Each structure stands twice: as structure tokens, then as C-alpha cells.
Amino acid sequence: MSANGRGTAAGTDNPKTGAGTGAGTGGGAEPGAEPRVALLEALGRELPAAAALRRELHALPRVSGQEEPTLKRVLDALPEGAVEQVAGTGAVLRIGGAGPAVGMRGELDALPIAEQTGVPWASVNGAMHACGHDVHLAAVVALARAVAATGARDSHAADVHARDADALAPLLVVLQPREETFPSGALDVVASGVLGRHRVQAMIGAHVQPVLAGGTIACAPGPVNASADEFRVTVRGAEGHAAYPHLTRDPVLAMAQVIVAAQQLVSRVADPMVPTVVTFGTVNAGSTPNAVPGEAVARGTLRTMSRKWRERLHERFAQVVEDTARAYGCVAEVEILPGEPILVNDRALAVRAGERLREQGWTVDDELRSCGADDFARYGEVAPSLMMFVGVDTAAGLHSPGFLPDDDAVGAVAEALLAGYLAASPPSTGGPSPDLGEMVSSGGRSGRVVRPYEG
């Protein structure tokens with residue numbers, strides 16, 4: 001171990017990832033080394049190849065539902081293992097023997113954004129890895145190769161206490177499509193039952209996060225991301241000439257009042273201790289400046305970190321919209337599409353992973369939470385799960401055409417995933433998992449929804 005507590009491999013230390021940048025890929029563990037130290041060293045040897053893979057994936061992104069070329073390239077880079085296609089353009093690959101496994105998610109899809117980073121390996125096909133999925137995938141590959149090199153063991157023993165305390169659990173790499181769209185790839189992965197068939201006892205994920213400084217990894221227990229539900233509001237009035245507003249019922253004016261009134265749900269209806277966000281993202285009405293249109297349409301999102309308030313928020317939002325429109329002589333229709341649930345980190349996993357990260361020399365943030373959403377939350381509905389956020393020093397934010405973490409981010413994400421894997425390995429029980437495919441949540445559908453929104 002180096003002076004700062006991070007593992008080293010043959011070669012020079014990478015001061016940001018601390019995992020080392022030794023030459024070569026894949027090599028075996030040092031004889032007699034403690035398994036987790038050997039695994040950290042093996043990971044260091046994988047990072048140069050992983051950084052090159054990251055650039056390759058970044059240059060040829062594919063948007064949601066079209067991830068086949070990305071999937072093929074990532075599978076080619078992974079070690080040998082049993083592969084099973086899942087969720088259309090996704091797959092899982094198992095490394096190790098029988099028994100309960102630890103799942104690790106990598107997102108395959110990119111965004112429909114034209115890249116503006118100017119690097120030689122920038123995408124030129126109109127899509128872009130503007131959310132760091134190229135980094136995540138390369139990190140997953142690096143860790144999977146390191147686990148294969150050091151030897152994930154059979155965790156099938158009926159008595160967990162009889163197992164080797166240092167045993168590495170089998171690893172299930174989950175190459176998930178469609179993280180950026182709805183219906184999400186995670187929802188389909190869970191519904192397929194593949195996690196149950198592989199007896200996944202924990203799901204681990206990590207995501208780059210530019211609001212954190214490089215060298216910092218957030219690993220907070222409990223809710224860390226909000227639920228996010230899309231809405232569509234249609235306000236209908238009576239059209240007419242702009243010179244005679246008294247002969248019309250103006251849906252634009254009514255919609256403007258709806259937008260203002262809905263914000264009072266946050267300041268006067270929601271518990272101030274419960275994060276709540278109501279956002280109107282698009283508003284459309286009319287086609288000419290000298291006429292009052294007959295209809296106005298708005299779309300947006302409802303976000304919160306309380307399951308109980310989420311359902312009530314749907315009801316109160318619909319009530320406020322309908323009553324406000326009625327006050328202006330119009331009629332409103334509200335459609336809500338339940339999206340991702342609240343992402344809740346398992347407390348035990350978060351605490352153990354945080355301890356590992358500190359041992360590896362990282363600054364650990366145990367407070368970061370946001371009203372962003374991630375379909376990784378679906379895995380938390382069926383198994384203990386842990387999502388970590390990895391600080392990156394970038395001038396541009398997520399989903400920006402200029403977003404480009406440096407290659408050191410691959411090692412940082414890989415070390416976060418390693419800490420999560422070790423926190424969940426060996427699994428806590430030798431018994432079989434429930435049929436996880438039967439445990440998909442309804443997603444908090446509200447009785448006030450007129451019909452599912454198909455926008």
C-alpha cells in the first residue's frame with residue numbers, strides 16, 4: 001500500500017485514482033496477498049487499457065434503444081463468462097462460481113446531444129456520452145477483469161460462517177440499456193427475473209458527479225435521489241380574436257396562473273423538511289400573435305424524496321391545476337406518467353463501502369443528496385443497493401455538450417465500484433433469493449391520474 005493508503009501496482013501511482021498505472025493488463029494476484037489488496041493491485045494494472053476503451057466508447061456513442069454496437073464492444077473487452085441477453089439491447093455476464101452474486105451496473109446508452117468538446121476522440125454522429133456512461137462502462141470492465149484475475153469464488157456454501165471470510169463473491173455485470181429514457185432499462189432488467197436467477201444479493205453502481213471535487217466520493221446511506229414523475233397539463237378554453245378577449249376563455253392566461261399556483265405546493269403544502277420540486281419544462285400554445293388559442297399544453301416533472309408524499313403530491317397537483325383553470329373559465333386535464341422511484345442506499349452497504357474508500361485514501365462525503373433521478377433506484381426495490389457519486393473536475397455539467405471528465409475518472413469510478421463490491425462480498429446469506437422479477441413496484445401510481453401519459 002502507498003503512503004496515502006491507496007493500493008499500488010508495478011509502475012507509477014496515479015495521484016488521482018491511487019490504483020497505479022502499471023504496464024500490462026490482467027495479471028494474477030501476488031502470492032499470499034490479502035484478497036482485497038491483490039484485487040486493488042490487479043485493478044491498477046487494468047486502468048491503462050480501460051482508459052483507452054473509454055475513449056473508444058466515447059467516440060462511437062449510441063442512443064437509447066440502439067446500443068448493440070456498444071454492447072458488443074464492451075462484451076469483447078470483458079473476461080469470459082456466461083452471457084445472457086436482457087432488456088432488448090442489454091446483457092448480463094457472470095464471473096465466478098455458484099451461489100449468491102453481487103450485481104454491478106454499467107449504462108450503455110448516450111444522449112442525443114451534439115458534442116462540443118473538441119477532443120480528437122469526440123463523437124461526430126450527433127450522439128454523446130454527456131452523462132459519463134463511457135467512464136462507467138470502462139470502470140466496470142476494469143473491475144470485472146480484476147475480479148476474474150484474482151478469482152471470484154464459489155459462494156454456494158449453505159453455512160455462510162463456514163466460508164472463507166476473504167472470499168470474493170461471484171460478480172454479475174449488468175450492461176443496462178436505456179437509462180436515459182422511459183420505460184427504463186432497469187425496469188426491464190428487474191422484470192426479466194435475471195437478478196433472481198443469479199441470486200443477486202446486492203446491486204452496486206457509481207456515477208460521475210461534477211458538483212463534487214475530484215478525489216471525493218459520496219456514499220451516503222438512505223435516500224440519495226428523488227422520485228421523478230412526468231406530467232402533461234392540457235388547458236382548454238375558447239379561441240377568438242385577440243381584440244375581443246371578453247368573448248374568449250383564454251387558456252394561456254389560465255396556464256400562466258396554473259404554473260404559479262403549482263409552486264405553492266412546494267412552499268405551502270409540502271412539509272418543508274421533505275424535498276419537493278415542481279418544474280414546468282415546456283409550454284406551448286397558439287400559432288399566431290393576434291388570436292387567443294383554444295388550448296395550451298405544458299409538460300414537466302414532479303420530484304420528491306418521500307414515498308407517502310409522492311402519491312399525495314400527484315393528487316394535490318391535479319387538484320390545483322383543475323381548480324385554477326376553472327377559476328379562469330377553462331377546463332384542465334392532467335396526465336401523470338410515474339417514473340423512477342426514490343433511490344435509497346442500503347445503510348449497511350453504504351457504511352462498509354465508506355470505510356473501504358477511506359482505507360483506499362479517498363475523501364468520503366456522506367451527505368450529498370439531490371433531486372436528480374436514476375433508474376438504478378429500480379434495483380433498490382428488489383435487493384439491497386448502493387449508488388455512489390464520484391467527484392470529477394469539469395467546467396461543464398452533466399448533459400452538457402462540453403462535459404468531458406478526464407481519463408483519471410475511470411480509475412476513480414472503478415475504485416468506488418471496488419469498495420461497493422467488497423462491502424457486499426461475501427453475500428450475507430447462503431439461502432436462495434426470492435423471485436426478484438415478481439417484486440417490481442407499481443411506481444407509486446396516483447388515483448388522480450386521468451390516464452397514463454404517452455408523450
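Which strand supplies the largest share of the lining of the largest pocket? Strand S12 does, with four residues. Strands here are DSSP runs of E with at least two residues, numbered from the N terminus.

Before selecting anything, note that this is a predicted model, in which local features need pLDDT of at least 70, side-chain atom pairs count only at pLDDT 80 or more, and totals for chains, interfaces and linings use all residues. Residues are numbered from 1 along each chain as its sequence is written, and side-chain values use heavy atoms, with hydrogens and water left out.

**Stop 1: the pocket**

Select Glu180, Arg303, Gly372, Ala373 and His399, which lie nearest the centre of the largest pocket among its 39 lining residues. A pocket is an open set of points on a 1 Å grid over the protein atoms alone, where a 1.4 Å probe fits, with protein on both sides within 12 Å along at least five of seven lines; lining residues have an atom within 4 Å of a point. The space inside is about 930 Å³, a volume filled by probe spheres set on the points, which are joined across faces, edges and corners.

Next, colour the strands that each give at least two residues to this lining, among them S5 (200–209), S8 (227–236) and S12 (295–304). By class, the lining holds 16 nonpolar, 14 polar and nine charged residues. Asp, Glu, Lys and Arg count as charged, Ala, Val, Leu, Ile, Met, Phe, Trp, Tyr, Cys and Pro as nonpolar, and the others, Gly among them, as polar.

**Stop 2: strand S4**

Move to residues 171–176, strand S4. Six of its six residues are buried, so S4 is largely enclosed by the rest of the structure; buried means under 20% relative accessible area with a 1.4 Å probe, protein chains only. Leu171, Val173 and Leu175 are on one side, and Leu172, Val174 and Gln176 on the other.

Show the neighbouring strands; two strands pair if DSSP finds at least two bridges between them. S2 pairs with S4 in the antiparallel sense over five bridges, and Leu93 stands opposite Val173. S3 (residues 101–107) pairs with S4 in the parallel sense over six bridges, with Met104 opposite Val173.

**Stop 3: Gln176**

Select Gln176, which counts as buried because its relative accessibility is 0%. Its side chain makes a polar contact with the side chain of Arg105 at 3.0 Å. A polar contact is a pair of N or O atoms within 3.5 Å; within protein, one must be able to donate a hydrogen and the other to accept it, and residues adjacent in sequence count only if both atoms are side-chain atoms.

Conventions. Buried means under 20% relative accessible area, exposed over 50%, partly exposed in between (1.4 Å probe, protein chains only).
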